[in-house]
Amino acid sequence: MTKLIFQIVGGILGLWLAIKFVPGVEFNGEIKYLIFAGIFLGLINFFLKPILKFITFPLRILTFGLFSLIINMLIVWTVDLFFPELTIQGIVPLFWTTIIVLVVSWSLGLYNPRKKIIVEK
């Protein structure tokens, strides 16, 4: 459950950072639509991305994992298609938006409150 929440927060925060810092990424609308887009991105990353990674496993092996970046770019592009308030103009802003979302989601995924550290004497 916490992983799903972190994916959603990562999607919202990643899109917001991309809008602020990546030229070519614009958002024209209310903040609630940005939150909906981030929730949609987080849900896709949580539910659909593992299936896509499983299906494309041979391609990821052949490309040494670089096809995962293509999968992530397609996911961000899907969010861009579903939300007309979000505009990503071109492949380079799409690439940087994907990188930002990945880094934010990865860094949030590092935090695991249930992980217990065992100290041996």
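The model is predicted, with local features requiring pLDDT of at least 70 and side-chain atom pairs counted only at pLDDT 80 or more, whereas totals for chains, interfaces and linings use all residues. Residues are numbered from 1 along each chain as its sequence is written, and side-chain values use heavy atoms, with hydrogens and water left out.

Val 79 is among the residues with the most contacts inside the largest nonpolar core, together with Leu 15, Leu 41, Leu 86 and Ile 88; this core has 21 residues. A nonpolar core is a set of buried Ala, Val, Leu, Ile, Met, Phe, Trp, Tyr and Cys residues joined through side-chain atoms within 4.5 Å. At least two core residues each come from helix 1 (2–21), strand 1 (25–27), helix 2 (31–55), helix 4 (67–82), strand 2 (86–88) and helix 5. Helices (H or I, at least four residues) and strands (E, at least two) are DSSP runs, numbered from the N terminus. Helix 4 gives the most to the core, with five residues.

The buried residues of helix 4 are Ser 68, Ile 71, Asn 72, Met 73, Ile 75, Val 76, Val 79 and Asp 80, where buried means under 20% relative accessible area (1.4 Å probe, protein chains only). Their cover includes helix 1, helix 2, helix 3 (57–62), strand 2 and helix 5.

Within helix 5 (residues 91–109) lies Ser 105, which is buried, with a relative accessible area of 12%. Beyond its neighbours within four places in sequence, Ser 105 is in contact with Gln 7, Gly 10 and Gly 11.

How values were computed
Buried means under 20% relative accessible area, exposed over 50%, partly exposed in between (1.4 Å probe, protein chains only). Contact means heavy atoms within 4.5 Å.
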